Amino acid sequence: MHEAGLLAAAVAEALAAGGLEGSTGPGTSGARPVSFEIIVRDPIHISPESARMHAELALLARGLGDVEISVIADPVVCLLCEVSNQVSSEHPFCAECGWPLPDKGGHQIEAVMRWA
């Protein structure tokens, strides 16, 4: 359940990078975030559905429940047959050959906040 911590930190970092303190965002005073994009780089270890839920909770806790959230999951390429797979953490195997898909390593998510 490390998604909760990852997404809480991603929301906090995105808001801080945009300068949100109270109601001030990038550019002009009063700017508010309008969308939050999450890119799941390692869908074997991070469920996109869980990432969305935890982002919703983190934004709601900051009074930003109206911010649109989009989640994109990177495909994982099988090392054996080189097929690109859209995977779930529940079934981390190649759809073509059944081989276990590799751990992608590195950052598990990336997040971008868009402002009005």
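Visitor: What makes strand 1 and strand 2 count as a pair, and do they run parallel or antiparallel?

Guide: Strand 1 and strand 2 (residues 68-73) are joined by six bridges and run parallel. Two strands pair if DSSP finds at least two bridges between them, so strand 1 and strand 2, with six, count as a pair. Within this pairing, Val40 stands opposite Ala73 of strand 2. The path from strand 1 to strand 2 leads through helix 2, and this β-α-β crossover is right-handed, a term that applies if, with the strands pointing away from the viewer, the path from the first strand over the helix to the second runs clockwise.

Guide: The model is predicted, and its local features need pLDDT of at least 70, while side-chain atom pairs count only at pLDDT 80 or more and totals for chains, interfaces and linings use all residues. Residues are numbered from 1 along each chain as its sequence is written, and side-chain values use heavy atoms, with hydrogens and water left out.

Visitor: Why are strand 2 and strand 5 called edge strands?

Guide: The open sheet of three strands has the order 2-1-5, with mixed pairing, and strand 2 and strand 5 each pair on one side only, which makes them the edge strands. From one strand to the next, the twist averages 15°. Strand 1 and strand 5 are joined by seven bridges and run antiparallel; here Phe36 stands opposite Met113, and Glu37 stands opposite Val112.

Visitor: Where do the two helices lie relative to these strands?

Guide: Helix 1 packs on the sheet, touching strand 1 and strand 5, and its direction makes about 40° with that of strand 5. Helix 2 lies across strand 1, strand 2 and strand 5, and runs at about 155° to strand 2. Such angles lie between N-to-C directions and run from 0 to 180 degrees, the axes being lines fitted to C-alpha atoms, for helices over the stretch in contact.

Visitor: How do you know that strand 1 is mostly covered?

Guide: Six of the eight residues of strand 1 are buried, that is, under 20% relative accessible area, where over 50% is exposed and the range in between is partly exposed (1.4 Å probe, protein chains only). Across the 116 residues of the protein, 35% count as buried.

Visitor: Why does Ile72 count as partly exposed?

Guide: Ile72, placed in strand 2, has 40% relative accessibility and therefore counts as partly exposed. Leaving aside neighbours within four places in sequence, Ile72 is in contact (heavy atoms within 4.5 Å) with Glu37, Ile38, Ile39 and Val40. Although Ile72 and Glu37 are 35 residues apart in sequence, their C-alpha atoms are 7.8 Å apart in space.

Visitor: What makes Glu82 exposed, and what is its phi?

Guide: The relative accessibility of Glu82 is 64%, so Glu82 counts as exposed. Glu82 lies in the loop between strand 3 (76-77) and strand 4 (84-85), and its phi is near 65°, a positive value in a residue other than glycine.

Visitor: Which residues touch the most other members of the largest nonpolar core?

Guide: They are Leu7, Phe36, Ile38, Leu59 and Met113, in a core of 18 residues; a nonpolar core is a set of buried Ala, Val, Leu, Ile, Met, Phe, Trp, Tyr and Cys residues joined through side-chain atoms within 4.5 Å. At least two residues of this core come from each of helix 1 (3-17), strand 1 (33-40), helix 2 (48-61) and strand 5 (109-115), with helix 1 giving the most, five residues. Not counting residues up to four places away in sequence, Leu59 touches Val11, Phe36, Leu64, Gly65, Val67, Ile69 and Met113. A second, separate core has six residues, among them Ile44, Val76, Cys78 and Val87.

Conventions:
Helix = DSSP H or I, 4+ residues; strand = E, 2+ residues; numbered from the N terminus.
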